[in-house]
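These are my notebook entries on one structure.

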Amino acid sequence: MQINNWKLAYAHHKECAGQEFSTIAELNRAGFEQIQATVPGNSEIDLMRAGKLDDLYFSTNTLLAQELEDVHFWYYTTVQVTERKQYLRFEGIDTYADIYVNGNKVCATDN
């Protein structure tokens, strides 16, 4: 199963503190900025690709990444299930994450 239609929603902590989002509809209603995403990938590169962040590989722009320390990120996509047994395999999640399927939390990571 190949998944290519990833999106990335993001918001500063002050915009989403105390809220929990478990569905795409909830993220859409929250009105957070959303961009196309590449998975596997990372948020900084997705933000650069979308023109939301200057090239971090140029000059002292790497310091701009510090502004992202209080930003929450939600990667999401939809999947068409065609078989009774399907597996989602995540490799390399490099942070804390909650994983939801159809609004139900199915897994959490801790680095």
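I began with burial: of the 111 residues of the chain, 23% count as buried, meaning under 20% relative accessible area, with exposed over 50% and partly exposed in between (1.4 Å probe, protein chains only). I note that the model is predicted, that local features need pLDDT of at least 70 and side-chain atom pairs pLDDT 80 or more, while totals for chains, interfaces and linings use all residues. Residues are numbered from 1 along each chain as its sequence is written, and side-chain values use heavy atoms, without hydrogens and water.

Next I looked up the fold. The chain has three helices and five strands (DSSP runs numbered from the N terminus: H or I of at least four residues, E of at least two). Their order along the sequence is β-α-α-β-α-β-β-β.

I then turned to the cores, that is, sets of buried Ala, Val, Leu, Ile, Met, Phe, Trp, Tyr and Cys residues joined through side-chain atoms within 4.5 Å. The largest nonpolar core has 11 residues, including Trp6, Ile35, Leu47 and Val71. Strand S1 (7-12) and helix H3 (43-49) each supply at least two residues of this core. Another core, of eight residues, lies apart from it and includes Ala9, Ala11, Leu27 and Phe32.

For Ile35 I listed contacts (heavy atoms within 4.5 Å). Beyond its neighbours within four places in sequence, Ile35 touches Lys7, Leu8, Tyr10, Asp46, Leu47, Ala50 and Lys52.

Last, I checked cysteines. I found zero disulfides (pairs of cysteine sulfur atoms within 2.5 Å). Cys16 counts as buried because its relative accessibility is 3%; Cys107, at 37%, counts as partly exposed.
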